[in-house]
Amino acid sequence: MDPIEDIEDYVARNRARHEQELARWVGMPSVSATGEGMPEAAEHAKGLLAASGLAPRLVETGGWPLVVGHAPGPEGSPHVVIYGHYDVQPAGPLEQWNSPPFEAAIRDGRIYGRGTGDNKGQHFAQLLAVRALRASEEGLPCSVTVLLDGEEEIGSPHLAATLAEMRAELDADVAVFSDGPVHDSYEPTVSLGVRGAVSFEITVRGADTALHSGNWGNVAANPAWELVWLLSTMRASDGRILVEGCDVATTLTAAERAALDALPVALQELLAGVGLDRMDACGDAGVNERLALPTFTINSLTCLDNQEHRSVIPSVAIARCDMRLACGQRTATVVDAVRKHVADRLPHAEVAFKAMMEPSRTLPDAPYAQAVLDAVSAMADKPALFVPAMGGSLPIAGITDGLGLPCYGIPLANVDERNHAPNENFELARFHAGIVTAAAVLRRIGGAA
Ligand SMILES: [Zn+2]
């Protein structure tokens, strides 16, 4: 018998039930940014863990609780940590949704609703994999601890410290998570790391009020020009980051570089898909490498007192920015570097730091890397590829750096899952196949002990 046929049968038999349970989970708001539905969602998550045989509890963090569940595997088997998050982004502009964000709707083979892909559908597939394995003749092949974060969408401010306190019970061998869409090319992939992030706002204040640009031009300091000049000292026109200490060149290992080179790119299609005919300046780095390098992005430029076009010198100018951090960078170093750069050049500018996340790295030859890759390849029926660093950010440094575990991302969602946007969705075929893939990964890890 095919080593996973029993799980495929289980998933096929329980399709309707799994879809109903997912719809119910998506129908519960859990917006960490506003608190909407959070206590009820944490309780519901506990129930989902219990239904997979994972003894659940809530762990207080100082913010929204972490939902933790554990199920023991055979004596001496590896201990796997499964990370996911039960909070979701706010629903966003309601008029742009074709069905209410917190009422799951099934259309054209997809389930729609906030959190379908990010992350309820994906961690629920992992939970159902544990349920299916426990129901199988072989049983659960490894010990499993599930961690469902309640603060991922607000930057997981308490996760690393909470995990550090749980170090003894999280003395595991390997961690996995399913988040984000699959690779643009739809090639099967396993992610090995994520970039970190630091976001901040630079405010430059001028006069008490906006001033007539004829009566005051050349006389009154213009905060908008000062801000533009300051920004021009932070990043060169060729893309180099000029903030000293934020320009750490990431040294990729030969295996990481080979993995990057193996990832398919269709640059023209990629750009055309978003209405562009040119890339950002970033030296001669290829697309995949760019997604592994540090970035410095201006998110918005605003003059609060002149949103229309009046001939004035504005009184306040604001730049909202973020930097994505590559492995080797640290948020504290980047914060200090930005603060110093601004203070040295425009001392009256104010810098306020917001969300931060450390980068995380797992190398392609780390323990269980090949087992995870083999399982994903087997399920996709073609060789899976490693993605050395996902472009986005996730709080898994608390797992890799804090707990010292190799951590593998197995994205399940469709490329157009529209996470964080209206009409978020998850293809149901991917949800069901994801349960089988997640089970295959656990079986392979169990067998690789
Ligand atoms: Zn998200």
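User: Which helix is Asn119 found in?

Analyst: Asn119 is found in helix H4. Please note that this is a predicted model.

User: What is the peptide bond from Asp118 to Asn119, cis or trans?

Analyst: That peptide bond is cis, with omega near 10°. In general, most peptide bonds are trans.

User: And is Asp118 buried or exposed?

Analyst: Asp118 has a relative accessible area of 4%, so the residue counts as buried.

User: Let us turn to the metal. Which protein donors does the zinc ion have?

Analyst: The zinc ion has Asp118 (OD), Glu153 (OE), Glu153 (OE) and His420 (NE2) as its protein donors, at 2.0 to 2.6 Å. Along the chain, the donors follow the spacing D-x34-E-x266-H.

User: Where do Asp118 and His420 lie, and how many residues apart are they?

Analyst: Asp118 is in helix H4, whereas His420 is in the loop between strand S18 (407-409) and strand S19 (425-427). They are 302 residues apart, and the pair links distant parts of the chain.

User: Is His420 buried, exposed or partly exposed?

Analyst: His420 counts as partly exposed, because its relative accessibility is 44%.

User: Why is the arrangement around the zinc ion irregular?

Analyst: The 4 donor atoms subtend angles of 55 to 141° at the zinc ion, and therefore the arrangement is irregular. A tetrahedral assignment would require all angles to lie between 85 and 135 degrees. For reference, the ideal angle for four tetrahedral donors is 109.5 degrees.

User: Changing topic: how many aromatic pairs does the structure hold?

Analyst: The structure holds 4 aromatic pairs. One of them joins Phe124 and Phe431, whose ring centres are 6.2 Å apart with the planes at 15°, so this pair is stacked.

User: Which parts does that pair tie together?

Analyst: Phe124 lies in helix H4 (residues 116-135) and Phe431 in helix H14 (residues 428-447), so the pair ties together parts that are 307 residues apart in sequence. Phe124 is buried, with a relative accessible area of 0%. Phe431 also counts as buried, at 0% relative accessibility.

User: Which residues form an aromatic cluster with Phe124?

Analyst: Phe426 and Phe431 form one aromatic cluster with Phe124.

User: What about Phe200 and Phe353: how far apart are they, centre to centre?

Analyst: The centres of Phe200 and Phe353 are 5.6 Å apart, and with 50° between the planes the pair is tilted. Phe200 belongs to strand S10 (residues 196-205) and Phe353 to strand S15 (residues 350-357), so this pair, too, links distant parts of the chain, 153 residues apart. Phe200 is buried at 2%, and Phe353 counts as buried at 18% relative accessibility.

User: Which ring does the charged end of Lys120 sit over?

Analyst: The charged end of Lys120 sits over the ring of Trp25, 4.6 Å from its centre. Arg107 lies over the face of Tyr112, at 4.0 Å from the ring centre.

User: Now the cysteines. How many disulfides are there?

Analyst: The count comes to 0 disulfides. The cysteine sulfur closest to that of Cys246 belongs to Cys321, 11 Å away, which is too far for a bond. Cys246 is buried, with a relative accessible area of 1%.

User: How many residues of strand S6 are buried?

Analyst: In strand S6 (residues 143-149), 7 of its 7 residues are buried. Ser143, Thr145, Leu147 and Asp149 point one way, while Val144, Val146 and Leu148 point the other way.

User: Do strands S2 and S3 run parallel or antiparallel to S6?

Analyst: Strand S2 (residues 66-71) is antiparallel to S6 and joined by 5 bridges, with Ala71 opposite Val144. Strand S3 (residues 79-85) pairs with S6 in the parallel sense over 7 bridges, and Val146 is the bridge partner of Ile82.

User: Finally, what is phi of Asn218, and where does Asn218 lie?

Analyst: Phi of Asn218 is near 75°, a positive value in a residue other than glycine. Asn218 lies in the loop between helix H6 (213-216) and helix H7 (223-232), and counts as exposed at 86% relative accessibility.

Conventions:
Residues are numbered from 1 along each chain as its sequence is written. This is a predicted model: local features need pLDDT of at least 70, side-chain atom pairs count only at pLDDT 80 or more; totals for chains, interfaces and linings use all residues. Side-chain values use heavy atoms; hydrogens and water are left out. Rings of Phe, Tyr and Trp (its six-membered ring) pair if their centres lie within 6.5 Å; planes under 30 degrees apart count as stacked, over 60 as edge-to-face and the rest as tilted. Helices (H or I, at least four residues) and strands (E, at least two) are DSSP runs, numbered from the N terminus. Buried means under 20% relative accessible area, exposed over 50%, partly exposed in between (1.4 Å probe, protein chains only). A charge sits over a ring if NZ of Lys or CZ of Arg is within 6 Å of the ring centre and within 35 degrees of the ring normal. Donors are N, O and S atoms within 2.8 Å of the metal (3.2 Å for Na, K and Ca); water is not among the atoms, so sites may look incomplete. Four donors count as tetrahedral if all angles lie between 85 and 135 degrees; four count as square planar and six as octahedral if opposite donors are over 155 degrees apart and all others between 65 and 115; anything else is irregular. A disulfide is a pair of cysteine sulfur atoms within 2.5 Å. Two strands pair if DSSP finds at least two bridges between them.
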